[in-house]
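Thanks for coming, everyone. Please have the sequence and the model open while I talk.

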Amino acid sequence: MIEDKNQQRTQLSDLGEFGLIEHLTKHFKVHHESTIKGVGDDAAVLKFDNKKIVVTTDLLVEGVHFDLSYVPLKHLGYKAVIVNLSDVYAMNATATQVTVSIAVSNRFPLEALEALYAGIKTAANIYNIDVIGGDTTSSSTGLLISVTAIGEIEANEEVYRNGAKPDDLIVVSGDLGAAYMGLQVLEREKEVYKVNSNNQPNLEAYTYIIERQLKPEARKDIVTLLKELNVKPTSMIDISDGLSSEVMHLCHQSSVGCDLYENKIPLDPQVISTCEEFNIDSTTVALNGGEDYELLFTISQEDYPKIKANPNLTVIGYIQEKSAGTHLVTRADTKIELKAQGWKNFNA
């Protein structure tokens, strides 16, 4: 949280728009044969044979989606890529390329953008994607980042939100609620720092949940795992706005209902202990917190034996007829109607 006041500062005007793009992207390498031309021309050129293409885009705005008082720029660059890759994997696709566009105010020197792009490059290397272009412009309100991700998928392998059927099982990867609780810890420490700038936070007890907020991962591994297990989900979505919101998206688009079981929702022990510390209900956090970037999907009951022993996957409910509605079955075995609060209302 302590800013280095002696950092080198190179004014962006010293490079100009094209010089800046060239400087920030000169270390990006091409990984895919489908990338014919990446950065450096009027448009990228991609070539695909018999595969289908998926495209998704996301916008991150300073003061709305991130707070630079506790979000390192390198982590932000990494996360900006990850949130888009997660949408590609939620289609059962392979991410191959991204474009990155930024609007930046004059309070950011070149070194700040180098840190941002270092995070982008790290994500590109880890997830084996090509950065193929983007745009830069000035901003009067801070930093804005727009990432578009492109992926490819074999014919008939794509998975949509609208394929869930009654009696399908609802499955989630990983655990839920950690990113939201990590945000609560960071916000609390920010307020403490405002009161006493000499106070250095001890965050050792919160390492997992803070990492889930600042440096999330997209579940490429789950897409690979499902292929290895010969399981094709009937529907799938990534969890960006909270479990209840995403379950209701699947149910609405598939014209079905569901029963979600509170005692099956996977929670990390650090989430549970931090919820107790903050006096917040852990189920509420898992349902509405958001930014987990886990995969939520439905499978046929016939596929259950293939996944039941896997520690990465948890069955948390099942699909009902539409007339049954969408419900949470509590630990006390009572049914409560699901409501999609999502992260916006949850943070209000």
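Strand β9 (residues 256–261) and strand β12 run parallel, joined by 4 bridges. Two strands count as paired if DSSP finds at least two bridges between them. Look at L260: L328 in β12 stands opposite.

Before I go on, this is a predicted model: local features need pLDDT of at least 70, side-chain atom pairs count only at pLDDT 80 or more, and totals for chains, interfaces and linings use all residues. Residues are numbered from 1 along each chain as its sequence is written, and side-chain values use heavy atoms, with hydrogens and water left out.

Back to β12. On its other pairing, β12 meets strand β13 (residues 335–337) in the antiparallel sense, over 3 bridges. There, V329 stands opposite K335 in β13. The hairpin of β12 and β13 has 5 residues between the strands, and in it D333 takes a positive phi near 65°.

Which residues sit on each face of β12? T326 and L328 are on one side, H327 and V329 on the other, and all are buried. Buried means under 20% relative accessible area, exposed means over 50%, and partly exposed is in between, using a 1.4 Å probe and protein chains only. In a regular strand the side chains alternate between the two faces of the sheet.

Next, β6. Strand β6 covers residues 144–153. How many of its 10 residues are buried? The count is 7, so β6 is mostly covered. β3 pairs with β6 in the antiparallel sense over 10 bridges. In that pairing, V61 stands opposite L144. Strand β4 (residues 94–104) is also antiparallel to β6, with 9 bridges. V100 has V147 as its bridge partner in β6.

Now salt bridges. A salt bridge is a side-chain nitrogen of Lys or Arg within 4 Å of a carboxyl oxygen of Asp or Glu. The whole structure has 18 of them. Take K51 and E152, which meet at 2.9 Å, N to O. K51 lies in the loop between β2 (45–46) and β3 (52–61), and E152 in β6, so this pair ties together parts that are 101 residues apart in sequence. K51 is partly exposed, at 33% relative accessibility. E152 is buried, at 14%.

Here is a local pair: E191 and K194, with their closest N and O atoms 3.3 Å apart. Both lie in helix α4 (residues 178–195), 3 residues apart, about one turn of the helix. E191 is partly exposed at 39%, and K194 is exposed at 56%.

E294 lies in the loop between α9 (282–288) and β10 (295–299), and R219 in the loop between α5 (207–214) and α6 (220–228), so the pair ties together parts 75 residues apart in sequence. Both residues are buried. Salt bridges that share partners join D175, R212, R219, D221, D292 and E294 into one network.

On to empty space. Rolling a probe the size of a water molecule over the atoms shows where empty space is left. On a 1 Å grid over the protein atoms alone, a cavity is a set of points where a 1.4 Å probe fits but cannot get out, and lining residues have an atom within 4 Å of a point. How many cavities of 30 Å³ or more are there? The count comes to 2. The second largest cavity holds about 40 Å³. Its lining includes H27, F28, K121 and I129. Helix α3 (residues 110–127) gives the most to that lining, with 3 residues.

Last, the cysteines. A disulfide is a covalent bond between the sulfur atoms of two cysteines. The cut-off here is a pair of cysteine sulfur atoms within 2.5 Å. The count comes to 0 disulfides. C251 is in none: the nearest cysteine sulfur, that of C258, is 3.8 Å away. C251 is buried, at 3% relative accessible area. C275 is buried as well, at 1%.

K79, in helix α2 (residues 73–89), is buried at 9%. The C-alpha atoms of K79 and G119 are separated by 8.0 Å, though the two are 40 residues apart along the chain.

Terms used:
Helices (H or I, at least four residues) and strands (E, at least two) are DSSP runs, numbered from the N terminus. On a 1 Å grid over the protein atoms alone, a cavity is a set of points where a 1.4 Å probe fits but cannot get out, and a pocket is an open set with protein on both sides within 12 Å along at least five of seven lines; lining residues have an atom within 4 Å of a point. Grid points are joined across faces, edges and corners, and a volume is the space filled by probe spheres set on the points.
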